Structure formats: C-alpha cells, structure tokens
There are 2 protein chains.
Amino acid sequence: MSNTISLQPLSNFTFSTKESQPEEDPSVAARLQRLTNDYDAKGMRRTVEGVLVVHDHGHPHILMLQIANAFFKLPGHYLSPGEDESLGLKRRLDIQLTMDVNENTLPPGVSASGLSGASLGTDSFDLGGGDWEVGDCLGTWWRPNYETYMYPYTPPHVTKPKECKKLYLIHMPERKVLAVPKNMKLLAIPLFELYDNTARYGPQLAALVTALSKYDFVYL
Amino acid sequence: MSNTISLQPLSNFTFSTKESQPEEDPSVAARLQRLTNDYDAKGMRRTVEGVLVVHDHGHPHILMLQIANAFFKLPGHYLSPGEDESLGLKRRLDIQLTMDVNENTLPPGVSASGLSGASLGTDSFDLGGGDWEVGDCLGTWWRPNYETYMYPYTPPHVTKPKECKKLYLIHMPERKVLAVPKNMKLLAIPLFELYDNTARYGPQLAALVTALSKYDFVYL
C-alpha cells in the first residue's frame, strides 16, 4: 500500500516559449468529423494525456495548458494505431513542452547566474527531452458516440466506443525548462482551485483532485 | 501498468438480515461533539471504508448501505488509536456485513436447492467472516475542522486536520452471504447512476466513479 510520491517545487521549473502549435481542427464540428473519419479508417482512437504535478509552498499543483485564454487541457494527444501508450505519451510531451533541439540555447528569462548558482546544485540544467517518467493511470474516459461528452466508464450497451482517453501521472524530473507553444499558456493550478470546479475545468480535470487523493505526497 | 480487476456477478451474493446497528450519535451536533472529544483525547480520527464492487450484466456496481431510506454510506468505521488500517477495516466489514456466528444457519431466502445447485459449483457457501481482501486506496478525505465538510486534500495552512478517511477497494470473495443490519438496506448502485450525482450521493461517493475508471474490469 505504498502510495508515496515526491513532488518537486514549482520554482525548479523554468518556462520558455516555442513556436505556436495551432489546434488541428478549426471547430468542434471539424474535430468530430475527423474523429468519424479516423474511426472508419483506423478504429477506436486512443488518447493519452500527462498529469504533471508539482508543489508550491507544500500544496500540489497540476500543470495545464490554457488555449486562447479560455479552455484548459492537459498535454498529450491521440496515438498512432499500434503506438505504445507510454512511449507515445513521452513523445507528445516532448513535442509540446520540451525545447526544440535547434533552440538549444538559454531560454529568455534564464540568467547565467540562475544556471550556475548554488541553488541548482551539481546537476546539469536539462534542456532536452526524454526524461518524463510515466507513472500510474489516474483515470480513463470513454467517448461512446461522435459527440463531445465522455464518461469514466463504458455505458451499458455501448460496445464500440469511439475514443478511449487515459490520463497518466508524470513523475517530473528534478529540474527542467518547459517550452510552451506561443499560442498557449502553461499554468500551475492548485488542487483547491480545481476541486469541485467542473464549471471552469470540466469533469475530467476536476476529477483529478480525488484521483490524486490516494497518494501521500512528499514535498521536496 | 497492470490495473486489471475481476468483478464477481451480483447474483453470486445472497442478502440476509441481522440485528440493527443504530447510529452512534443521534444528531450531527452530537457527532461533531464526539469528534471534538475524541480529538482532544486521542488525536486525529482515522476512518476506513470499503468499496465493494460487483457487476450486473457487465456494468460495475458499488454496494452501499442506505440508512432510513435517506443517506448512503460505505461500510466502515473509524479505527481505534494505533489499529492497523487493513485489519481494522476487515473487522468493521465483518461487524457490519457478515453473519453473526450464532446466526450460522441458512439465511431466509437461501433455499437448500440454491445451496447445492450446480450453479454454485463445488465451492463452499461462505457464511463466515474474514475473507475480505483489501486492495488499493481509492481516495483520501480530510476534515480540517469540527465541521461536516471534508476535502480530498489537506487545505493550505491546515496543519492539524481532525479526521482522515481512506476508501479502500475490496476484492470480493467468489460468493458470500451479506448480512445487513435491519435498520439499513444494502443497495448495488451502478456507476452510471453514481456518476456526476453529488446531489444524491455526496462528493465522496460520486468521486468513486472516476477513481475506479483507471481499472480494466474483467466480468466473471
């Protein structure tokens, strides 16, 4: 029954920007049409998203992308047919949040003193990708139809769901530069803000608070 | 990432009745007063509850106690100081749901043919206790004050919560007679009824749907 998880402080992470990553579909209708086309061609869509948890002053926060000052989403994407969930999720996290290789310079806002100071210890300041550690599944959501709503179970009599989305806990590296596409923000949302706030964050994100409650957090 | 859980069919369980187990406290005020007294004498209250999951026609159901045709609760209770969580939970499940030793006869409604029929296989029909298997913690709730509300996290600046409640998944035995105190009902609530239904079941029970969504269920 060991459910202990260590959380890094938010201050260990540095935020930079990278090229915009526009939404694939210009409208909800277009998104559902793509889902329909993909289902006909490749079967049920499998989506994976990462739950990046840090702490600020001893309270857990989840890192979320905000698009157009409006809706919130977790980093992640749907997988290619046959693609491994864990590897596919790591690759999508790199695409969305890791600095591009050709941008491998100091990000704006990171000073030389910040990189060499005693507070950083002896570890290298990681600018690259590939160091996400995928942990437990925190929840699974099913889309029974070509509609916007999803459920945390397969509804009775639904035999061919159109999408299955899994949310995975990500164990953060000790330090990292997180490069955020210019058309998004990356926000650290405290659990007390997210709890019981389906109106603002939707049921999938709000439910993360109770899903995380099983863990004993250690605040590094 | 193995999250597979086998669920027994609801029809494998037989329901009997046993002596009433009245609520300890006659009112909410009395309950909070007892919490206050206990905290002063013994420190933070530790409560454990069991989430008994079965399936009916391939959809998961949670077994819940209903009291006075009104509110729903999971079987469980608070522990004695120093008492082991898992052992204490098993003991409370026996007290609430297992037939008393001196009632060790066929329960009303269980026919002799039902006990010896081919549908029961060769296993013994378990009338006794002690065969609960405590699984994963599904959630933790904290009571910051001597008040009725609880949160699935410790709110910032709360250093001395008054109660910590943990909800544990119970792996059900293949068959069992469940003896329900006369002043209660035991109901199997389907996940689709519980989901997004905080109004009827409260936040702790409604949140179990998303907490359970991480599992792949096998319907036996």
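**A note on reading the views.** In this predicted model, local features need pLDDT of at least 70 and side-chain atom pairs count only at pLDDT 80 or more, while totals for chains, interfaces and linings use all residues. Residues are numbered from 1 along each chain as its sequence is written, chains are lettered from A and ligands numbered from 1 in the order in which they are written, and side-chain values use heavy atoms, with hydrogens and water left out.

**View 1. Chain A on its own.** Start with the fold: chain A has six helices and eleven strands. Helices (H or I, at least four residues) and strands (E, at least two) are DSSP runs, numbered from the N terminus. Of the 220 residues in chain A, 53% are buried. Here buried means under 20% relative accessible area, exposed means over 50%, and partly exposed is in between (1.4 Å probe, protein chains only). Take the contacts in chain A between residues at least 6 apart in sequence: 75% of them join residues at least 24 apart. A contact means heavy atoms within 4.5 Å.

**View 2. Where chain B meets chain A.** Each chain brings residues to this contact: 26 from chain B and 26 from chain A. Between them the two chains bury about 2,300 Å², with 63% of that on carbon and sulfur atoms. Buried area is the accessible area (1.4 Å probe) that two parts lose on being put together, summed over both. How many salt bridges cross the interface of chain B and chain A? The rule finds zero, a salt bridge being a side-chain nitrogen of Lys or Arg within 4 Å of a carboxyl oxygen of Asp or Glu. Two residue pairs are in polar contact between chain B and chain A, both at pLDDT 80 or more. A polar contact is a pair of N or O atoms within 3.5 Å; within protein, one must be able to donate a hydrogen and the other to accept it, and residues adjacent in sequence count only if both atoms are side-chain atoms.

**View 3. The side of chain B that touches chain A.** At least two residues of this side come from each of β7 (133–143), α4 (191–194) and α6 (208–212) of chain B. The most come from β7(B), which gives six residues. Sorted by class, the side of chain B that touches chain A has 17 nonpolar, eight polar and one charged residues. For this sorting, Ala, Val, Leu, Ile, Met, Phe, Trp, Tyr, Cys and Pro count as nonpolar, Asp, Glu, Lys and Arg as charged, and the others, Gly among them, as polar.

**View 4. The axis between the copies.** The same surface serves both copies, as 100% of the contact residues of chain B recur in chain A.

View 5. In chain A, the side chains of Lys165(A) and Glu49(A) meet in a salt bridge of 3.4 Å, N to O. This pair links distant parts of the chain, with Lys165(A) in strand β8 (residues 163–171) and Glu49(A) in strand β3 (residues 45–56), 116 residues apart. Both Lys165(A) and Glu49(A) are buried. Over in chain B, Glu49(B) sits in strand β3 (residues 45–56) and is buried at 9% relative accessible area. Its side chain makes a polar contact with the side chain of Lys165(B) at 3.4 Å. Not counting residues up to four places away in sequence, Glu49(B) touches several others, including Leu74(B), Pro75(B), Leu89(B) and Tyr168(B).

**View 6. Further salt bridges.** Over all chains the count comes to 24 salt bridges. Glu83(A) pairs with Arg92(A), their closest N and O atoms being 2.9 Å apart. Glu83(A) is buried at 16% relative accessibility, and Arg92(A) is buried at 8%. In chain B, Arg45(B) and Asp38(B) form a salt bridge of 3.0 Å, N to O; Arg45(B) is buried at 11%, and Asp38(B) is buried at 15%. Glu24(A), Asp25(A) and Arg34(A) are linked in a network of salt bridges.
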